Amino acid sequence: MPPVADWDLVVVGAGPAGSAAAISALRERPDARVLVLDRAPMGRDKVCGDGIAPHAVAELERLGVSAGKPAEKLSGVRLVAPNGRSVGALPTVTGYVIPRATFDERLLKAALSAGAEFEVQRVTSVEQDGASVVLNDRWRASTVIGADGSNSSVRRLMGQPANRGRALAVAIRGYSPTPTGAPRELTIRWDSQRAGGLCYAWAFPTANGTTNVGYGMSSGAPDHSRARLEQRARELLPDYNFDGVPLTGHTLPLTVSRPRPAVGRVLLVGDAASLINPFTGEGIYAAIVSGALAGAAAINAPDAPGPAYARALAARFHRQHRQTGALYRIIDSPTVLNTVIRAAGRDARLFDRLIDVGLGDSVFTLGDLARFARHAF
Ligand SMILES: Cc1cc2nc3c(=O)[nH]c(=O)nc-3n(C[C@H](O)[C@H](O)[C@H](O)COP(=O)(O)OP(=O)(O)OC[C@H]3O[C@@H](n4cnc5c(N)ncnc54)[C@H](O)[C@@H]3O)c2cc1C
């Protein structure tokens, strides 16, 4: 007889994906034994734009978590085309800008309130037999969820290689004083220079008088050095002062190359599963959704959590992953971006669709393409 698991679920990583997994599992079965492990104590920073999309907010509300405060709310989203044309609109549902140390702590506290336990431990080994998974020769779980981010150890230990080249973006971010009178909008400004994929600067104002500013591009670009990222950030965001602002870098594994979402009883979610939207770099929404799906599969399908999670993930994202994968080949064309943003400026429904594809799990329809054609020229 194999030993009985001590935990129904052990989650590795206490970012949005990991906390969502724990909360979701405990909503399915409030007496489930759920342990969350993170190498860092609660309240750690994470290099991010801190933009919490309306879609992510709605997903958290479905999990019973209210993550934002009124002062952290945004008044809109502004897209700036490579040619400088700017288009703005109110989001249909409110989004937030919340520094990740604060946001992630709120989600982890919600998981603990739901009944999860938390320990500070770096996971370095994963062994599975047919019936359970053992981490660090110490914790035995019926299911393990790898929510340990873009350099996932769990993914590597399960024999799945990391993203590289065009399937991986690199980005830097810092906090610059918010210029007087600047609107409380998410601003995304696409670069006019081609870089083989995702390539834009952002300015996301926080509630504390600073703005999260940064720049990201594909790691497939010939020059994706830190110096280059900083130079383009300064050039594309001339209203922001970068002098003396510490800039920190991190990687973004994009959906254009994804690992198997499950190997046996080990499920991958969020960045560990390469679920970052290649059009925008948004990853928190997919982290929360995938975490919630995996947490539910761990509890509702304890004999075969892997297939249950893989099916649920595909049902939610399959169409978007297929379409964004195809369109990613042309996304760094300034002409395409200029045309798309011009059309979105003339048609509010197209603007909303761009937001839903870039920040949620929508796809462009044939009707959208007809509208683009009508408004683009
Ligand atoms: C510069 C930049 C800007 C971005 N801006 C945005 C944005 O504005 N909006 C948006 O939606 N997305 C943004 N993203 C993407 C977003 O940050 C990620 O998609 C999101 O953090 C993924 O959440 P996660 O829970 O999967 O992983 P993470 O948030 O990375 O959490 C992983 C956790 O695992 C822990 N961990 C790692 N290894 C181990 C281990 N071996 N053992 C135990 N614990 C471990 C870490 O300490 C961490 O707490 C940005 C990314 C970057 C790099």
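Which residues in α1 meet which residues in α3?

Hi everyone. A word on the model: it is predicted, with local features needing pLDDT of at least 70 and side-chain atom pairs counting only at pLDDT 80 or more, while totals for chains, interfaces and linings use all residues. Residues are numbered from 1 along each chain as its sequence is written.

Let's begin with the domains, whose bounds come from an automatic or database domain assignment. Domain 1 covers 7-72 + 97-164 + 255-326, domain 2 covers 166-253, and domain 3 covers 331-376. Taken over C-alpha atoms, the centres of domain 1 and domain 2 are 26 Å apart. Their contact takes 20 residues from domain 1 and 23 residues from domain 2; here, two residues are in contact if their C-beta atoms, placed from the backbone, lie within 7 Å. On the domain 1 side, we find 8 nonpolar, 8 polar and 4 charged residues. For those classes, Ala, Val, Leu, Ile, Met, Phe, Trp, Tyr, Cys and Pro count as nonpolar, Asp, Glu, Lys and Arg as charged, and the others, Gly among them, as polar.

Now to the ligand. There are 40 residues around it, and Gly-15, Gly-49, Gly-149, Gly-270 and Gly-283 come nearest; a residue is near a molecule or strand if its C-beta atom, placed from the backbone, lies within 6 Å of it. The shell splits into 17 nonpolar, 13 polar and 10 charged residues. Domain 1 and domain 2 each provide at least three residues of this shell. Among the elements that each supply at least two residues are β2 (34-38), β11 (168-177) and α6 (284-300). Helix α1 gives the most, with 3 residues. Helices (H or I, at least four residues) and strands (E, at least two) are DSSP runs, numbered from the N terminus.

So what does α1 pack against? The axes of α1 and α3 (residues 100-114) come within 9 Å and cross at roughly 20°. Axes are lines fitted to C-alpha atoms, for helices over the stretch in contact, and angles run from 0 to 180 degrees between N-to-C directions. The two helices are therefore roughly parallel; angles under 35 degrees count as roughly parallel, over 145 as roughly antiparallel, 65 to 115 as roughly perpendicular and the rest as oblique.

Back to my opening question: Pro-16, Ser-19, Ala-22, Ile-23 and Leu-26 of α1 meet Asp-104, Leu-107, Leu-108, Ala-110, Ala-111 and Ala-114 of α3. By class, that contact has 9 nonpolar, 1 polar and 1 charged residues.

With α6, the axis of α1 comes within 7 Å at a crossing of roughly 35°. This crossing is right-handed, whereas α1 passes α3 in a left-handed one. A crossing is left-handed if the near helix is turned anticlockwise from the far one by less than a right angle, and right-handed if clockwise.

Last stop: α9 (residues 348-359) and α10 (residues 366-376). Their axes come within 10 Å and cross at roughly 125°, and α9 and α10 are therefore oblique to each other. Arg-349, Leu-350 and Arg-353 of α9 make the contact with Asp-368, Arg-371, Phe-372 and His-375 of α10. That gives 2 nonpolar, 1 polar and 4 charged residues.
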